[in-house]
Amino acid sequence: MSGLLERLRGRGWRMTSQRRVVAEVLDGDHVHLTADEVLVRAAERLPEISRATVYNTLGELVSLGEVMELSTDGRAKRYDPNAHRPHQHLVCSGCGTIRDVHPVGDPLVDFPAEERFGFMVSEAQITYRGLCPCCVADRPRV
């Protein structure tokens, strides 16, 4: 059984066939799908699944803290099932590919006290941007 499905079962989440398919589609490393991408993949496994069911299930998973909702570049929101392991994101500025990354060190330690403006900072979300290998290869050479 997958990590996301295991966590959901452990919480006693009612596992209908529709919910199970959505959880299966989301499970894995470096998964950052839009709701529409989840719908397409879920419909391949369960053709009768509706858009409303996918959106409602995603909303529930986010509310439960089992999936993170990401908005990295003004495009459609993406859903990340890696909600229980702290990580940052590496985003391709060309194609929008997103990868989970686990930098060494604590970004809060390097955040100067004089730049906190009295805030008690509890977390940091850092997005690294660049070009993935495919987009670098497609760049015109000068």
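## Reading helix packing and a core in a predicted model

Modeller: In this chain, among contacts between residues at least 6 apart in sequence, 46% join residues at least 24 apart. Please keep in mind throughout that this is a predicted model.

Colleague: Before we look at details, which pattern does the chain follow when read along the sequence?

Modeller: Read in that direction, the pattern is α-α-β-α-α-β-β-β-β-β-α, and the secondary structure comes to five helices and six strands. The C-alpha atoms fill a box of roughly 50 × 45 × 25 Å along the principal axes, and 32% of the 142 residues count as buried.

Colleague: Which residues have the most contacts inside the largest nonpolar core?

Modeller: They are Val22, Leu26, Val38, Ile49, Val54, Leu58 and Leu61, in a core that has 22 residues. At least two residues of this core are supplied by each of helix H1 (3-10), helix H2 (17-26), helix H3 (35-45) and helix H4 (51-64), and the largest share, five residues, comes from H2.

Colleague: If I select valine 22 in the viewer and leave aside its neighbours within four places in sequence, with which residues is it in contact?

Modeller: With those neighbours set aside, valine 22 is in contact with Val38, Ile49, Val54, Thr57, Leu58 and Leu61.

Colleague: How should I read the packing of two helices, and at what angle do H2 and H3 pack?

Modeller: In general, two packed helices are described by the angle between their axes and the distance between the axes. Here H2 and H3 pack at an angle of about 120 degrees, and their axes are 9 Å apart. Angles of 65 to 115 degrees count as roughly perpendicular and those over 145 as roughly antiparallel, and H2 and H3 are therefore oblique to each other. Their crossing is right-handed.

Colleague: Which residues make the contact between H2 and H3?

Modeller: From H2 come Val21, Val22, Glu24, Val25 and Leu26, and from H3 come Val38, Arg41, Ala42 and Arg45. The residues of this contact divide into six nonpolar, no polar and three charged.

Colleague: Now to a loop: where is glycine 12 found, and is glycine 12 buried or exposed?

Modeller: Glycine 12 lies in the loop between H1 and H2. The cut-off for exposed is over 50% relative accessible area, so glycine 12, at 58% relative accessibility, counts as exposed.

Colleague: And how many residues apart in sequence are glycine 12 and aspartate 100?

Modeller: Glycine 12 and aspartate 100 are 88 residues apart in sequence, and from C-alpha to C-alpha they are 28 Å apart in space.

Terms used. Residues numbered from 1 in each chain as written. Predicted model: local features only at pLDDT ≥ 70, side-chain atom pairs only at ≥ 80, totals over all residues. Heavy atoms only, no water. Core = buried A, V, L, I, M, F, W, Y, C linked by side-chain atoms within 4.5 Å. Buried < 20%, exposed > 50% of the residue type's maximum accessible area, 1.4 Å probe, protein only. Helix = DSSP H or I, 4+ residues; strand = E, 2+ residues; numbered from the N terminus. Contact = heavy atoms within 4.5 Å. Axes fitted to C-alpha atoms, helices over the stretch in contact; angles between N-to-C directions. Parallel < 35°, antiparallel > 145°, perpendicular 65-115°, else oblique. Left-handed = near helix turned anticlockwise from the far one by under 90°. Nonpolar A, V, L, I, M, F, W, Y, C, P; charged D, E, K, R; others polar.
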